[in-house]
Amino acid sequence: MIIVVGAGPAGLAAAKSAASKGCHVTVIDSQARGGGQYWRHQTEVYGYKSNRSADYLNELQQNKLITHITGAQVWSAEKLGDGYQLNYLQGGVEKKISAQKIILTTGAYDRTLPFPGWTTSGVMTPGGAQSLLKGHGVVAGKTIVVSGTGPFLLPVATALATNGARVEIIEAQSPLRWALSPLALLLNPGKFPELIHYASAILRLKIKVSFGSAVTGYNDGEVDISKVRSNLSIRKKNVRSAPADVVATGWGFLPDVTLGGILGCAQTLDRDETVIFAVDREQRANVQNIWIAGEATGIGGADLALVEGAIAGLSAAGSKISVALIWKRFTKRLFARALQRSYPVGAGWQEWLADETVICRCEEVSCQEIIESVQELGAEDARTSKLFTRAGMGLCQGRVCSRNVSDIVAGTTKCAVSRNERLAASNRPIAAPISLGVLGDGIAG
Amino acid sequence: MSNDISFFFNGEKFTGTKGQSIAAALIANGQRELRRTRFGEEPRSIFCGIGICFDCVVTIDGVANQRACLIEISSDMKVESSL
Amino acid sequence: MKSPDAIVIGAGIVGASCALSLTNAGLNVLIIDRGSVSSGTTGAGEGNILVSDKEPGPELTLALRSRDLWFEMQEDVGDYFELEAKGGVVVARHDDSALLNLAYHQREHGVDARVVGQAELHNLEPYLHPEFHSGVFYPQDAQCQPMLAAAHLIRTVISRGGQFVSQAKVTEVLVKDSQVYGIQTSKGKFLAPVVVNATGTWAGEIARMAGSDLPIAPRRGFILVTEPAPQYIFHKVYDSDYVVNVASSDADLQTSTVVEGTRSGTILIGASRERVGFDGSKNIEILRKLAAQATSLFPVLRDVQLLRAYHGFRPYAPDHLPVVGEDAQVKGLWHSAGHEGAGIGLAPGSAALITDEILGRPSFMDASAFSPARFAMAKV
Ligand SMILES: Cc1cc2nc3c(=O)[nH]c(=O)nc-3n(C[C@H](O)[C@H](O)[C@H](O)COP(=O)(O)OP(=O)(O)OC[C@H]3O[C@@H](n4cnc5c(N)ncnc54)[C@H](O)[C@@H]3O)c2cc1C
Ligand SMILES: Cc1cc2nc3c(=O)[nH]c(=O)nc-3n(C[C@H](O)[C@H](O)[C@H](O)COP(=O)(O)OP(=O)(O)OC[C@H]3O[C@@H](n4cnc5c(N)ncnc54)[C@H](O)[C@@H]3O)c2cc1C
Ligand code: FES
């Protein structure tokens with residue numbers, strides 16, 4: 001048997017391809033429904049459709065070789081004999097499952113940057129607004145500013161507008177940056193109809209779009225909009241304000257690397273210094289019998305996740321990978337690289353902060369406290385700053401703030417963040433909270 | 001069969017649809033604030049919406065720090081803002 | 001850069017205390033660390049300053065003095081490191097005779113150890129499991145935030161004319177005619193007639209660089225950290241088995257739980273002890289044992305969520321006593337290391353001993369039990 005962790009595009013593609021070779025597959029996911037972050041349809045939601053999701057979700061339900069365990073959060077994993085045991089929580093009960101081969105497709109979550117007012121109720125991630133809508137049929141607000149950078153702002157903004165919200169898009173980068181990646185565009189012609197689709201939707205829905213701008217403050221139902229350079233430093237502060245009861249702000253995605261980290265899979269830094277897993281040509285991690293696919297090996301969207309998942313599934317089933325599939329992955333990765341080039345997230349955002357701006361939302365640690373931990377107490381990296389200030393020690397375990405804390409510490413010491421610091425920051429021994437009672441009851445023997 | 005489910009938030013009765021998370025049902029009812037922070041007593045709502053950030057934590061039937069964006073409403077569930 | 005009177009290698013709690021004590025004695029001190037402040041075991045320590053877990057003997061004498069010196073240090077440096085005389089409560093699970101006997105002997109040596117019966121015990125810790133019917137209350141047990149403490153001690157040293165060079169790995173200890181005269185680091189050479197080796201778990205490496213030898217090895221320890229919870233625990237509470245474990249040299253895993261609440265609301269549960277070298281891999285079974293023991297002390301913790309677990313490597317010597325004193329072979333090389341699971345508690349006391357010895361003045365106790373020479377003697 002093969003266990004796939006994650007029922008997003010990558011996980012579903014892996015399950016489908018492994019099952020097509022006759023393998024038994026168990027897909028385990030924390031959500032109540034399959035589909036991962038992207039294909040989470042409770043209600044029919046507006047968006048560009050390629051009708052792929054239905055195939056995969058049907059396969060998940062109907063293929064007798066595939067078992068789907070839902071609502072199951074894997075909190076830890078360990079090596080057991082020549083296989084692996086995953087410990088998961090389902091409805092408050094701990095269960096264990098083991099297999100010789102594991103495919104990890106744990107996906108990603110929105111990356112966020114702080115600004116004065118970002119802890120106010122009403123500020124959320126675009127992914128959050130999207131999941132409210134797709135998963136729960138709730139439009140986050142009436143007047144919504146969608147801000148940050150990246151193509152993900154488009155489906156979110158258009159879906160919200162179609163459902164009746166008044167929407168404005170504030171994109172930090174200029175679309176002209178795409179001129180930096182002609183080859184990627186040429187090799188991915190399928191992206192053009194998608195682009196035209198969103199462009200016409202924006203016109204039809206009268207969504208106002210600004211480029212080279214960012215939301216640098218939110219207060220009393222109004223966002224402050226500043227002109228920013230491509231590294232996100234301020235070109236002109238507070239050029240205008242706009243009303244908003246919801247601000248959906250996101251700066252690309254951060255892969256969820258927790259589980260693979262627990263299993264000892266080697267991580268590396270992507271070009272934009274995001275922590276990802278290092279995998280070989282067949283999506284194998286450096287740890288035996290573990291494959292990793294999708295956002296966790298580098299942010300590239302659902303298209304790339306599907307191809308990587310298919311490769312991982314075939315490889316785990318012991319099948320040969322066709323050259324066509326490898327070529328497809330190559331073109332999608334090229335596109336993913338173009339995305340990084342077109343929507344970079346520089347360190348200039350630190351100029352937006354006020355002394356009292358909260359950086360660690362859980363422990364309510366301010367920018368000033370982090371800077372003082374460096375200047376007064378001698379912290380030289382995020383780990384030490386965290387020991388002094390508690391930034392990153394809260395419930396989310398630094399998933400939201402640790403990268404930003406590293407950048408602020410580096411901005412204060414004027415030294416670049418080291419590779420080791422970036423890698424260490426993603427090291428979490430527990431993938432999800434577990435009650436001490438349940439944990440203790442699980443003692444072997 | 002009706003898909004409506006009622007539950008309590010800080011003692012007040014709210015109604016949502018089956019399958020909705022606590023956070024979604026409350027936001028749909030215009031109740032954005034889910035809790036106050038421990039130190040600054042600042043209001044917080046959902047942030048990531050997918051169980052990563054823990055900004056939305058509430059006490060559900062006496063168990064603290066549960067993520068309102070993940071947990072679906074159920075009949076007569078008692079949700080509280082504070083510890 | 002003015003050439004210092006003494007170099008302290010290691011910016012953990014032991015090195016920081018030593019640097020402050022030498023500075024206050026009038027020396028110009030240079031602190032060197034290969035990382036930043038608190039980047040070693042101090043960054044993993046829990047901050048317990050215990051007298052309750054020490055049997056009568058030199059370590060208890062050191063612990064008692066050291067505990068008072070913590071409060072003197074706070075007067076000197078400022079109230080920046082959450083120092084608090086919180087008090088410890090030790091409970092016996094089955095047979096309480098060993099615990100009561102220990103308390104009796106500790107009292108003879110100046111420890112405030114108060115035997116408490118059922119009612120008083122549950123008054124001190126209302127959430128404790130009802131099966132516990134007796135225990136000992138130790139009002140002197142205290143705690144601090146060790147990383148903040150090290151940082152503020154070093155900040156004070158700098159404000160009094162000392163220096164701190166971080167990210168400088170010591171690669172050589174410079175010795176001529178059995179007398180130390182400086183160190184070579186990745187950031188250059190530094191000269192001084194006195195070098196204090198306060199590198200904790202790594203102290204053996206520094207000793208070897210000087211052509212000497214110190215048998216210090218790592219002992220892994222885990223700590224569980226929970227979500228912020230209401231105040232369920234009012235003191236440091238531990239099972240009397242802990243005292244037995246502390247003195248053990250069994251390589252197998254032992255767990256015995258110390259449970260305490262912190263100011264931020266999280267609950268810390270420690271500490272397992274095992275000798276596994278520098279293996280950093282997690283072992284879920286250890287986490288389970290710690291959780292089971294903690295919930296058996298405090299059933300209310302069953303519903304509290306574990307957020308994270310971390311481990312560190314305690315530096316220990318074969319006889320489980322710290323190594324404090326001049327090297328047996330190299331003059332001018334002083335060691336203050338090997339404090340195992342008590343380095344935070346024992347840091348200022350060890351600093352006072354080293355300072356007194358370096359300056360050749362009488363000290364508060366006879367430190368020969370801690371002498372590095374004891375290992376050389378054992379070999380012969
Ligand atoms: C909130 C959100 C909304 C998005 N919406 C869109 C969109 O509308 N359009 C678009 O093009 N892209 C969207 N994306 C981008 C998305 O990352 C990719 O398009 C695509 O979903 C990636 O597929 P994946 O299989 O790699 O990961 P995902 O789809 O993220 O799937 C990973 C799955 O693994 C599960 N998982 C992770 N860890 C564990 C664990 N320890 N135990 C159990 N289960 C676990 C997760 O719950 C999740 O279901 C969204 C991303 C996010 C975060
Ligand atoms: C889980 C756990 C819980 C604990 N709880 C407690 C407790 O509650 N109370 C208590 O009293 N003790 C506790 N301890 C023990 C305590 O943490 C240690 O005894 C103490 O921190 C040791 O301090 P130190 O300064 O000697 O060592 P360290 O803090 O390790 O400092 C040594 C320094 O030397 C530096 N260094 C090493 N080699 C070199 C080199 N070649 N060049 C330059 N620099 C170098 C390192 O970078 C490091 O910063 C605990 C330990 C663990 C692991
Ligand atoms: S909103 Fe982030 S965890 Fe619920």
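Two strands pair if DSSP finds at least two bridges between them. Strands (E, at least two residues) and helices (H or I, at least four) are DSSP runs, numbered from the N terminus.

The model is predicted: local features need pLDDT of at least 70, side-chain atom pairs count only at pLDDT 80 or more, and totals for chains, interfaces and linings use all residues. Residues are numbered from 1 along each chain as its sequence is written, chains are lettered from A and ligands numbered from 1 in the order in which they are written, and side-chain values use heavy atoms, with hydrogens and water left out.

**Exercise 1. A hairpin in chain A**

Task: Find how β4(A) and β5(A) pair, and describe the turn.

Solution:
- Step 1. Locate β4 at residues 72-80 and β5 at residues 83-90 of chain A.
- Step 2. Their pairing is antiparallel, over 8 bridges.
- Step 3. Check one position: A:Val74 stands opposite A:Tyr88 in β5(A).
- Step 4. The two strands form a hairpin with 2 residues between them. In the turn, A:Gly81 has a positive phi of about 60 degrees.

**Exercise 2. The surroundings of ligand 2**

Task: Which residues are closest to ligand 2, and how is the shell made up by class?

Solution:
- Step 1. Count the residues with a heavy atom within 4 Å. There are 35 around ligand 2.
- Step 2. The closest are C:Asp33, C:Thr41, C:Thr42, C:Asn48 and C:Glu340.
- Step 3. Sort the shell: 13 nonpolar (Ala, Val, Leu, Ile, Met, Phe, Trp, Tyr, Cys, Pro), 16 polar (the others, Gly among them) and 6 charged (Asp, Glu, Lys, Arg).
- Step 4. Take one distance: a polar side-chain atom of C:Asp33 lies 2.6 Å from an oxygen atom of ligand 2.

Technical notes. Polar contact = N/O pair within 3.5 Å; in protein donor to acceptor, adjacent residues only side chain to side chain.
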